[in-house]
Amino acid sequence: MMGTLIIGGGIIGLLTARELALSGESVTVIDRSELGTESSWAGGGILSPLYPWRYSEAVNQLARWSQQHYKQIAQELINEGCTDPEWTQSGLLVLDPEDMPVAAQWAEQYGMECQQVDRVKAVELEPALGAESKQSLWFPDIAQIRNPRLVKSLREYCQQSGIGLVTGAEVTRLLQNKGIISGVQAADREYHAEKVVITSGAWSANLLREVGCDVDINPVRGQMLMYQGDPGQVQHMVLKNSHYVIPRRDGRILVGSTLENVGFDKATTDEGKAELIAFAEGLMPCFKTLPIERHWSGLRPGSPQGIPYISGIPGIEGLYLNSGHYRNGVILGPASARLMADIILKREPIMDPSLYGLERVKKQRNL
Ligand SMILES: Cc1cc2nc3c(=O)[nH]c(=O)nc-3n(C[C@H](O)[C@H](O)[C@H](O)COP(=O)(O)OP(=O)(O)OC[C@H]3O[C@@H](n4cnc5c(N)ncnc54)[C@H](O)[C@@H]3O)c2cc1C
């Protein structure tokens, strides 16, 4: 009998496994494919919600906790001999936010370093800019992480920390006995465990539906382009009208992303590509000549207001859910994993868990 079984080895599952293992728990992660090859690989790695002042405090308090710990987590992984996830404080320039006063007030309230910059100053900061802008906001402290390397690094960490890893095994059923979880059925085998945590990203609702639990987690497709630039050609992350560029250390530049409700269809499309190219070329003239190296898509686990569920499942002892991080799973991941571990281990939680319970779904529906 395993201690805790985690279903889904994306960033949320791997960080949750790490948190539990750090507290001495016996943990196994089970995934139907290779670890970290879905949304957590496909994402951009901006370590802040886009336009955070438009999100609820439930999202922002997870983001703040993670921001305070990300650099240290990255360093700990490096110290353990794992791949460098390239935590980089590249700063975020937000061009012409339409709600500038709200943003400035939010930054002041939460002590987030933020400067209002005019067009001249914006180009001084980011010489690659071509787009016209009037008033922008510069957040020098916002960092990024190279998410494909982060999941690789976490996988290596799990391997060397004695965390069990089972891949190529799709969980098709949750096993329970008189309201107490006893394991899962996957690939014609049963895996028995005292606790089971669902971290299956956009697919999380499927398993829960079968045990009579209905959660609003739905796939939202995002397409992304990667250009091959030179190191330093673009220096900062830049956000405009919900699209963004993210320069990596090696000169590659990500351009994202589309927001599409097309179910579990992970195809890339010509329309998506055209949307991203038009944005990139309008923002920075360099994109007119840089080669496109790759075009991909991922399925975000969409949830109401983007607030993740971090909770036990009422009525089934030992079953937990940590999912629904929508556009922000990379930045919310560390706090979300810690809070999940606090709940499972019945420790003093890092923040009020009631904001992430399943009850809020019912409350919203009853309104
Ligand atoms: C284009 C794009 C850009 C993004 N940019 C950012 C960003 O800049 N910053 C940010 O913070 N976030 C960003 N995100 C969001 C972020 O990537 C997600 O919120 C996060 O990756 C969700 O992680 P997860 O572990 O829940 O899901 P996933 O990474 O999708 O992992 C779920 C895992 O569960 C497994 N699984 C599913 N069903 C089963 C089953 N039945 N049995 C076994 N295994 C199963 C899957 O194989 C998968 O490995 C972006 C996402 C996209 C798509």
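In this predicted model, K152 pairs with E156 in a salt bridge, with 3.6 Å between the closest N and O atoms. Both residues belong to helix α6, which spans residues 147-160. They sit 4 residues apart, about one turn of the helix. An α-helix has 3.6 residues a turn, so residues three or four places apart point the same way. K152 has a relative accessible area of 36% and is partly exposed. E156, at 19%, is buried, because the cut-off for burial is under 20%.

A second bridge links R221 to D265, again with the closest N and O atoms 3.6 Å apart. R221 lies in strand β10, whereas D265 lies in the loop between β13 and α8. The pair therefore ties together parts that are 44 residues apart in sequence. R221 is buried, at 3% relative accessibility. D265 is partly exposed, with a relative accessible area of 37%.

Salt bridges also form a network. Through shared partners, they join E86, R146, R149, D250, R252 and E293. In total, the structure holds 18 salt bridges.

A further bridge connects R32 and E38. Here the closest N and O atoms are 3.9 Å apart, within the 4 Å limit for a salt bridge. Both ends count as partly exposed: R32 has 33% relative accessibility, and E38 has 21%. The value for E38 is not under 20%, so E38 does not count as buried.

Helix α8 comprises 14 residues, 270-283. From its first C-alpha to its last, the helix reaches 20 Å. This is close to the 20 Å expected at 1.5 Å a residue. Buried positions in α8 are G272, L276, F279, A280 and L283. Seen down the helix axis, these buried residues fall within an arc of 95 degrees, so they line one face of α8. On the other side of the helix, D270, E271 and A278 are exposed.

Strands contribute to the cover over the buried residues of α8. Among the covering elements are β10 (218-228) and β11 (237-240). β12 (243-247) and β13 (252-256) are also included.

Key
Residues numbered from 1 in each chain as written. Predicted model: local features only at pLDDT ≥ 70, side-chain atom pairs only at ≥ 80, totals over all residues. Heavy atoms only, no water. Helix = DSSP H or I, 4+ residues; strand = E, 2+ residues; numbered from the N terminus. Expected span 1.5 Å × (residues − 1). Buried < 20%, exposed > 50% of the residue type's maximum accessible area, 1.4 Å probe, protein only. Arc of directions from axis to C-beta. Contact = heavy atoms within 4.5 Å. Salt bridge = Lys/Arg side-chain N within 4 Å of Asp/Glu carboxyl O.
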